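Keep the sequence and the coordinates open while reading.

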Amino acid sequence: MDVNEKLKILSAAAKYDVSCVSSGSTRKNTKGGIGNAAESGICHTWAADGRCVSLLKILLTNNCIYNCAYCINRVTNEIPRASFTVDEIVDLTINFYIRNYIEGLFLSSGVEKNADYTMERMLRAVKKLRLEKKFNGYIHLKAIPGASYSLISEAGRYADRMSVNIELPSEESLKALAPQKSKEKILLPMRQIGAEIIEKAAEHDKNKKAPQFVPAGQSTQLIIGASPEPDYKIIKLSESLYNKVNLKRVFYSAYIPVSFDNPNLPVISKPPLLREHRLYQADWLLRFYGFSAGELLTPERPHLDAALDPKAAWALNNLGQFPVEINRAAYETILRIPGIGVRSAKKIIAARRVHALNFDDLKRLGVVLKRAKYFITCSGKYYERIILEQNFLRFKMIGAPDASAGAEGAANSETNITAKNRLNKKEDAGQLLLFEQYANNAGDCLDNIGSNDNNRNILPPPAAITSVNAAITGEF
Ligand code: SF4
């Protein structure tokens, strides 16, 4: 099989991994035209300074020995199979880079023969790129669950970002849908990578010549809707990963049915895109707005509201904390007002030092009052006549007189989604990218692409991490 044929198969096989953020365009080439925005193969991620970086997104191989029920590459699926050689990956990356098609590489893989065999080939590819070809572009590398940590650790000296995909949010679901995987195989390398990131970052802070390790951090992906866990369990897991394994990002991917022969998989007519979107919003609140998972959802109220964004839903459930007086409230309190983001909160704090603010001042500052006006006062005055009561405010915000629109949560209610296929998911992804770009502009570091060091030495893995941490295990 020639390399072009392999590229076609292995770039298409990589498109289901969303832990490398993609552009969201659906435009295909037309007769007589040039370019195709909808093809797989190139994806995009964002640098901390707001730059968009294009990546060659491929699998090393889709010859996978595992049989994860939700995956198109599972061993029992009859699809064309291919594997790149190490040299083919290196040559493709360099040639595409020279031609200005890409600025980096996203390399994932199925498990061929065994985890170590696969990880060792991925390591050889990134090592050759860095040491022989002097490639300084961005590299996002998957760590293969079950591979020896010495291989993963060595690869981490050449990659900017690494990710181990959790895929399913509970051990029971792993057993049902991905029986060859286990929480230990997934969480152990995540903890080891997280510990080594901290260790090497501290060394690098003291000595700028010290080798870096995964300087852009690690991420993971969770599939939403392939297994029965509610949103509460999912965001508790995400919170735990952010706090305890130093994770940079959790990506949520609405389950897309690719096989219909496993009775443990749900029968769905369309991917749960609204649920995915609400989870991204809740995740945002965890990372940038100071919320905890337990504030957003509880075991008794385990689903995100389908009709309202999670911050507005939280406000309706905590009306005792409102109204917020704009001229006196702390920055952290202002951040919790529905509709007010980081940039607006900072502007309010700065402007009120000069004089007390009224609603016209807020408009002049660019604060969007569409939702915020129901939850704030300026020098004791409301924007309009407000009743601080759930049904009244809900009706004002979304026109629904009660919580029935969101009562079952985004997990079970997809009525707002007009999407009929995966293409509309890409539109959602596009919106999320705008969301991310905003945060980047506001100074929030999302995809902090670090510098590369061609001369990284091979160092031993952190000795302390030999088992899965019990606290994380408890959340899994
Ligand atoms: S190990 Fe990865 S590539 Fe292989 S079947 Fe499972 S999810 Fe798919």
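Q: In which sense do strands β6 and β7 pair, parallel or antiparallel?
A: The model is predicted. Strand β6 covers residues 218–224, and β7 covers residues 247–254. Seven bridges link the two strands, and their sense is parallel.

Q: Which residue of β7 is the bridge partner of Ile224?
A: β6 spans residues 218–224, and it pairs with β7. The bridge partner of Ile224 in β7 is Ala254.

Q: What is the handedness of the β-α-β unit made by β6, α7 and β7?
A: Helix α7 takes up residues 231–244. Strands β6 and β7 are parallel. With the helix α7, they make a β-α-β unit that is right-handed.

Q: How many residues of β7 are buried?
A: Strand β7 runs over residues 247–254 and is mostly covered. Its count of buried residues is eight of eight.

Q: Where is Asn246, and is it buried or partly exposed?
A: Asn246 lies in the loop between α7 and β7. Its phi is positive, near 60°, and it is not a glycine. Burial needs 20 or more other C-beta atoms within 10 Å. Asn246 has 19, so it counts as partly exposed.

Q: Which residue of β3 stands opposite Leu59?
A: Strand β2 (residues 52–59) and strand β3 (residues 104–108) run parallel, joined by five bridges. Opposite Leu59 stands Ser108.

Q: Through which helix does the chain cross from β2 to β3?
A: β2 and β3 are parallel strands. The β-α-β crossover from β2 to β3 is right-handed. The helix on that path covers residues 86–98 and is α2.

Q: Which residues are in contact with Met119, leaving aside its neighbours within four places in sequence?
A: The largest nonpolar core has 114 residues. Met119 is listed among those with the most contacts inside it, as are Leu107, Met122, Val126, Ala155 and Ile235. Beyond the sequence neighbours, Met119 contacts Ile144, Ala147, Leu151, Ile152 and Ala155.

Q: Which class has six residues in the shell around the ligand?
A: The residues around the ligand are Cys64, Tyr66, Cys68, Cys71, Asn73, Arg74, Gly110, Val111 and Ala178. Two residues of the shell are polar and one is charged. The class with six residues is nonpolar.

Q: Why is helix α10 largely enclosed by the rest of the structure?
A: Helix α10 spans residues 310–317. Among its buried residues are Lys311 and Trp314.

Q: What is the omega of the peptide bond between Phe322 and Pro323?
A: Most peptide bonds are trans. Pro323 is in the loop between α10 and β8 (324–325). The bond that joins Phe322 and Pro323 is cis, with omega about 5°.

Q: Is Lys134 buried or exposed?
A: Lys134 is in the loop between α3 (115–132) and β4 (138–142). It is not a glycine, yet its phi is positive, about 55°. Inside 10 Å it has 10 C-beta neighbours, so it counts as exposed.

Q: What percentage of the residues of the protein count as buried?
A: The protein has 19 helices and nine strands. Of contacts with a separation of 6 or more, 74% are between residues 24 or more positions apart. Of the 476 residues, the buried share is 44%.

How values were computed: Residues numbered from 1 in each chain as written. Predicted model: local features only at pLDDT ≥ 70, side-chain atom pairs only at ≥ 80, totals over all residues. Near = placed C-beta within 6 Å. Nonpolar A, V, L, I, M, F, W, Y, C, P; charged D, E, K, R; others polar. Core = buried A, V, L, I, M, F, W, Y, C linked by C-beta atoms within 7 Å. Buried ≥ 20, exposed ≤ 12 C-beta atoms within 10 Å, placed from the backbone. Contact = placed C-beta atoms within 7 Å. Helix = DSSP H or I, 4+ residues; strand = E, 2+ residues; numbered from the N terminus. Pairing = 2+ DSSP bridges. Right-handed = clockwise from strand over helix to strand, strands pointing away.
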